[in-house]
Amino acid sequence: MIGPTANDTYVFSPSFSDLTVRRELLEKILGYKGGGPPDHAVRAGTPAVVSNLIEEILPEVPSRISVRCGFRILPVGSVSVASDSLSCNGVRFTTGAIIAKRLRASTTLAPFVATIGSQMEDWSRELMAGGDPVKGFIVDAIASETVEQVAEWLEKRVAEHVKPRGWNITNRYSPGYCGWSVAEQHELFSLLPERFCGVSLTVSSLMIPIKSVSGVIGLGPTVKRDASICSICDLKDCFRRQDDPLPTVEEA
Amino acid sequence: MRQSETRFGPYRLADHLTTDRRKVRVSAVRARLRGGTSRRHNISEPFFLEFVESYFYNLIAPDFDNPWRNLRFFSQHEMENTVSTNEILDSLQRCIERGKVNNKSPHPPDMKGQDGADELARKALDTGIPPQDVLSKALVIGMQHVGERFRNKEIFVPDVLMSAKAMSAAMEHLKPFFESNALKHRGTVVMGTVLGDLHDIGKKIVSMVIEGAGWEVVDLGTDVSPEKFLNAVAQHPGCVVGLSALLTTTMINMETTVRHIKAQHPGTKIIVGGAPVTHDFASKIGADGYSPDPQGAVEFLNTRGLQS
């Protein structure tokens with residue numbers, strides 16, 4: 001049985017091999033259907049040059065990331081959810097109705113942060129400036145997907161962590177999505193230790209390193225996690241939007 | 001050999017004809033050439049007529065009434081050169097569209113071993129094709145098609161970047177002409193990601209497509225203060241300003257930047273873009289334009305950004 005306390009924070013450093021960064025998904029994120037015949041009918045599939053670059057970059061990723069991720073389980077009873085906002089430990093978030101509705105049944109929340117460090121973004125910037133924009137862009141896309149997969153991995157840890165209490169988890173929700181202002185990153189970070197996992201915020205709420213993800217996960221006996229949250233999101237042109245649902249924690 | 005020179009002597013048909021007479025003669029030649037000649041030379045009639053028309057005034061015509069004799073002065077070599085000019089420009093445009101950088105680049109696979117934008121741009125200039133034609137008849141058209149296909153979701157960012165790389169390889173050969181003012185950009189665009197925002201890639205992609213459309217880009221980078229934008233506008237009179245932001249918290253800094261620029265340089269055109277930016281937001285903050293994609297930015301520049 002886990003007994004969450006105000007200081008109940010957990011930090012992890014998974015390795016790249018713990019993550020599920022799939023080539024097919026990367027190709028899809030880049031816009032291609034993936035797995036098609038190489039080039040000269042660009043529409044039919046991923047150009048060989050792109051597939052080859054992904055293959056070339058992936059083995060280098062482990063030596064260019066410093067993964068840190070963690071969460072805190074807020075005290076039971078510290079969270080109250082209204083129709084379009086919620087309060088945690090006296091901090092109020094205007095999350096918007098979409099997120100508030102999905103967190104309403106939460107007994108408590110787990111604010112979290114995940115990062116892969118700044119080496120990948122530095123590498124991408126060097127390539128972009130050094131005359132290899134294609135590789136630079138693909139490095140950036142792989143970095144974005146890697147940090148998403150760190151957050152995905154962390155969700156599993158949170159789920160495992162609360163399972164002995166008979167609790168489930170919701171999907172993860174982040175400021176900047178579904179009507180939740182990114183400006184509330186500062187309030188979110190106020191619930192976590194200073195520079196948690198090495199991530200800090202700029203005045204404009206940008207996380208440094210840039211390749212970081214933050215948010216909250218709802219916890220409780222009756223909350224549920226949807227296979228895909230794309231259907232509730234208003235970012236219709238999101239690069240991660242998929243017709244097929246993303247794999248669930250259990251499936252991944 | 002330049003197009004204005006000829007091996008046929010110092011006479012120019014145009015010098016010996018009045019304007020009206022020239023019209024009549026050209027018309028007569030065209031009428032008598034129509035049909036048989038184009039087939040004889042195995043080239044298309046529209047091309048052949050254009051060819052005759054463009055060369056007619058610059059060549060001596062010893063017998064005005066016998067176009068067949070005139071034609072003999074157009075040697076096979078001369079015709080091949082003309083055909084070759086169009087072929088080079090077409091191939092160069094194709095290299096831009098397909099992202100073929102040079103003959104060593106493996107992409108695209110079906111063009112492996114062929115000359116790329118690098119070699120063809122050099123070849124075009126060495127053949128005597130004017131730099132302006134290389135730019136406007138091959139590079140700009142190529143990048144325009146790339147922008148349109150990207151907008152239609154037929155190709156994606158890596159494809160655009162491969163084309164931009166090919167474009168850049170070709171532009172290297174045009175650099176000396178820009179430096180000597182023999183070739184001019186359509187105008188200057190000062191680009192930057194606004195204060196507080198460190199996102200760079202989207203702005204870079206737009207910048208590359210804008211350069212491909214014949215504009216000079218001055219990239220101020222990321223986290224750019226209104227003061228830095230003002231300095232750049234002062235240094236580049238008549239420039240257009242492009243503002244980028246990827247966060248709702250930083251796009252509000254666009255408003256401050258627009259206000260400062262409009263206060264000190266009221267005539268400066270400003271276009272904004274970035275994931276959270278909308279047309280309504282652009283109008284509200286006083287920007288002149290908004291585009292969700294690079295091609296839209298090019299269209300704005302080519303219509304509203306040009307100096308009168």
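1. A salt bridge is a side-chain nitrogen of Lys or Arg within 4 Å of a carboxyl oxygen of Asp or Glu. In this predicted model, the side chains of Arg151(B) and Asp293(B) meet that description, with an N to O distance of 3.1 Å, and the interface of domain 2 of chain B and domain 3 of chain B holds 2 salt bridges by this rule.

2. Chain B is divided into domain 1 (3-65), domain 2 (84-184) and domain 3 (186-308). Between domain 2 and domain 3 of chain B, whose C-alpha centres lie 26 Å apart, the contact takes 15 residues from domain 2 and 13 residues from domain 3.

3. Domain 2 and domain 3 of chain B bury about 1100 Å² between them, 68% of it on carbon and sulfur atoms. On the domain 2 side, the residues that lose the most area to domain 3 are Met143(B), Arg151(B) and Leu161(B), which together make up 38% of what that side buries.

4. Turning to the two chains, chain A and chain B bury about 2300 Å² between them, with 73% of it on carbon and sulfur atoms, and the contact draws on 27 residues from chain A and 26 residues from chain B.

5. Between chain A and chain B the count is 1 salt bridge, in which the side chains of Asp132(A) and Lys165(B) meet at 3.7 Å, N to O. The elements giving two or more residues to the side of chain A that touches chain B are α2 (48-57), α4 (119-129) and α5 (133-162) of chain A, and α5(A) gives the most, with 4 residues. By class, that side of chain A has 16 nonpolar, 7 polar and 4 charged residues.

Note on methods
Residues numbered from 1 in each chain as written. Chains lettered and ligands numbered in written order. Predicted model: local features only at pLDDT ≥ 70, side-chain atom pairs only at ≥ 80, totals over all residues. Heavy atoms only, no water. Contact = heavy atoms within 4.5 Å. Buried area = accessible area lost by both parts, 1.4 Å probe. Nonpolar A, V, L, I, M, F, W, Y, C, P; charged D, E, K, R; others polar. Domains from an automatic or database assignment.
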